[in-house]
Amino acid sequence: MSALSERPQNPLVGLAVPHESADLHVTGEALYTDDLVQRTKDVLHAHPVQAPHAHARIASLRTEPAYAVPGVVRVLTADDVPGVNDAGVKHDEPLFPTEVMFHGHAVCWVLADSIEAARLGAAAVQVGYEPLPSLVTVREAIEAGSFQGGQPHMARGDVERAFEESDHVFSGELEFAGQEHFYLETHASLALVDENGQVFVQSSTQHPSETQEIVAHVLGRHSHDVTVQCLRMGGGFGGKEMQPHGFAAIAALGATLTGRPVRLRLNRAQDMTMSGKRHGFHAEWRVGFDAHGLLQALDATLTSDGGWSLDLSEPVLARALCHVDNAYWIPNVRVNGRISKTNKTSQTAFRGFGGPQGMLVLEDVLGRCAPLLGIDADELRRRNLYTHGQTTPYGQVVGHPERLHAAWEQVHASSDFVARTEDVALFNRAHPHTKRGLAITPVKFGISFNLTAFNQAGALVHVYKDGSVLINHGGTEMGQGLHTKMLQVAATTLGVPLAKVRLAPTRTDKVPNTSATAASSGADLNGAAVKNACEQIRERLCQVAATRLGVSPGDVRFVDGQARAIASSSERVPWEEIVHDAYFQRVQLFAAGFYRTEGIHWDSSIFQGEPFKYFAYGAAAAEVEVDGFTGAYRLRRVDIVHDVGDSLSPLVDVGQIEGGFVQGAGWLTLEDLRWDESDGPGRGRLLTQAASTYKLPSLSEMPEEFNVALLQHAPEEGAVYGSKAVGEPPLMLAFSVREALRQAAAAFGPVGTSVDLASPATPEAVFWAVQQARGAAQGAPEHGHVVEGAPGVVPDQPAEGAPEYEPESERVQHELSTT
């Protein structure tokens, strides 16, 4: 075991401790960015002027009427920008646009003494628009050839020959929706300027260093002139990785021009109409199996809905391609990716970062093809799981695949899968109008940023004369428990009680040039940096303790707040005394730590390399019950086994698994983003812009029985204290819910019925799948399935009221858009 992974005696990592801010959260005492406004004098409030068109040229802008509104102080426009009028790292996101690119695009911002005055001032601004043609759906963009960014290609083997030799070849099409982050705390920034012109920005951001860079270049200043702090976020989920920068820049620009603090906090409707979401995708695929149901070839084109600008669409697409295999060996692969440009919000990072979208394609393929192959879906998946020595389509060896199989087998056993499958069959035979489904799906998720340079982190650790410890690191806390883990890492490394360690808010003037807290790498990167800084201090203190104990420094150990020699059990010297002695011996009691992930490399030009430090594995079994009259369903039971290595903080990790799973189930079954696709005046408007129209998982959607277990005896070599990332991978365990719904819907038809299922699989979508199965039961062929190289099934007529179906030659058509 490496020094990074090895645990000392009596470690505090691995203990189930509460979240470090749990008490503050439940009592309402936890401070968030917008809470600081009440502690700040003479604050101005910012309000946007939002465009009512999906695409338009700004013909005129009259701000004078706003100044007639009492309380309005300033209207910010492009003329006020001293630096670069752009809020994106790709330089394709003008902060003040001359061309409106989506419905709700901010044209200018009004600053006033109160939020109401700012709102009225924004309403008074007069903007003349020249409407332009718009593209609202990804299908419209594909037809128009509207694409942006790179178009990656991933290939292995001889795909065409593999199809020729396959016993079964299927092809199809799938389109699935994005997802709104719906964090509890909307985007918020508070900026002020001190007497020296130093700009200080409090921001709800996952990437303070990049927020700092964007603010600096908008202001025409250097990065050292701008400090960004993030106290904590009320949720992020990727939505605050890139999107906060422009809002922080507006606040900073206003503060610079007026000399007064400026607060910018979006209300819920503004946040939903102005900020990006998970990328929706369109996929066309062709897949080949041999006579035993083993995957032989996959040929696919994945098109993401990037919205109006690139944002993070290119790395999201890259990760989607890297995860199109999920946990399955496919010897011959050809996958192309492209990013559509539409007149919608600029879609961005969301938990999983493209991985869920890539995985969903193959999970959908297996779910649709299993009945046509005459193989149970769980058996088809098991047969195709990765084994030792196999590599991904981009050339990385799949490490420890035995852990994937162990998680699968443990879920199979703990969920009593075989017996419950029989129970489900008995129930379905006895209930003509209600059916159940039971499905199991795996997860293999790569951990690290695809861009190698981002895999680094820093930390700053102080030990004060009284023995107390203060740590700073580059990661941000959004409720996921990162700070809790960092406290445990520091206490373990120094050998002191947890109460001795405190954590300071994340600030760019303490730890510079940080990477975003994203890609599930927060604990891996920052934990290793904190550990490195603590080890430097500990080694210096070992020299001091060695003199006191009369032993070699290498024989000194710090355990439970005491220094002792490994060869002696008699003398114990308190930590505080060693620190006191060190100070008077002029020994440095602070250290800057650094970590860079080793052993990873990536060539995006050929889409080959080993971009991930390791893979996180998991498996989930889900059982649902569907009402055949309405498509309504309930989630009866979920069993999960997930691989987090040797957990740093089990209570935090279990919470992340539960939360990730439920959020994934929301994306796949409930959360239905809708834009106005009509040709009317509201074209391009987000229709689901509040909790009243955008349904989120609630207590009623929680599994009636929810069992979560951590995979045991699976420490990860080369990761901090043998742990693994946990933020994103559990979201994809929710595929089991969607596949269980598919099986329940198919149970309304004869054995071997294959149904298409929209995503999100809302009750309405499930109802149409049930109707599809009932059509097969009445002797009609299954809706939309074509089998190449085997007896085909002619597409049937849709049920009355169902979305119109237009078959394509040798394709499975999957229409999802508006039904």
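What is the relative accessibility of Arg-420, and does the residue count as buried or exposed?

Tutor: Arg-420 has a relative accessibility of 8% and counts as buried. Buried means under 20% relative accessible area, exposed over 50%, and partly exposed in between, with a 1.4 Å probe and protein chains only. This is a predicted model, in which local features need pLDDT of at least 70 and side-chain atom pairs count only at pLDDT 80 or more, while totals for chains, interfaces and linings use all residues. Residues are numbered from 1 along each chain as its sequence is written, and side-chain values use heavy atoms, with hydrogens and water left out.

The side chain of Arg-420 forms a salt bridge with that of Asp-639, at 3.6 Å from N to O. Arg-420 belongs to helix α13 (residues 417-430) and Asp-639 to strand β29 (residues 633-642), so the contact ties together parts 219 residues apart in sequence. A salt bridge here is a side-chain nitrogen of Lys or Arg within 4 Å of a carboxyl oxygen of Asp or Glu. Helices (H or I, at least four residues) and strands (E, at least two) are DSSP runs, numbered from the N terminus. Asp-639 is buried as well, with a relative accessible area of 2%. Both residues take part in a network of salt bridges that links Arg-420, Arg-436, Glu-623, Glu-625, Arg-634, Arg-636, Arg-637, Asp-639, Glu-704 and Glu-705. Side chains of opposite charge can pair when their charged atoms come close.

The structure holds 55 salt bridges. Another one of them joins Asp-325 to Lys-444, with the closest N and O atoms 3.5 Å apart. This pair links distant parts of the chain, 119 residues apart: Asp-325 sits in the loop between α9 (313-322) and β16 (332-340), and Lys-444 in strand β17 (residues 434-447). Asp-325 is buried, with a relative accessible area of 0%, and for Lys-444, buried too, the value is 0%.

A further salt bridge brings together the side chains of Arg-368 and Asp-756, 3.4 Å from N to O. Arg-368 lies in helix α10 (residues 355-373) and Asp-756 in the loop between α18 (735-746) and α19 (763-777), so that distant parts of the chain, 388 residues apart, are linked. Arg-368 and Asp-756 are both buried.

Of the 31 residues that line the second largest pocket, Asp-376, Gln-743, Ala-747, Val-751 and Gly-752 are the closest to its centre. At least two lining residues come from each of α10, α11 (377-383), α13, β17 and α18. By class, this lining has 15 nonpolar, 10 polar and 6 charged residues. In that scheme Ala, Val, Leu, Ile, Met, Phe, Trp, Tyr, Cys and Pro count as nonpolar, Asp, Glu, Lys and Arg as charged, and the others, Gly among them, as polar. On a 1 Å grid over the protein atoms alone, a pocket is an open set of points where a 1.4 Å probe fits, with protein on both sides within 12 Å along at least five of seven lines, and lining residues have an atom within 4 Å of a point.

Helix α18 has 12 residues and reaches 17 Å from its first C-alpha to its last, close to the 16 Å expected at 1.5 Å a residue; the expected span is 1.5 Å times one less than the number of residues. Because 11 of its 12 residues are buried, α18 is largely enclosed by the rest of the structure. Its buried residues include the charged Arg-738, Glu-739 and Arg-742, and among the others are Phe-735, Val-737 and Leu-741.

A cis peptide bond joins Ser-759 and Pro-760, with omega about 10°.
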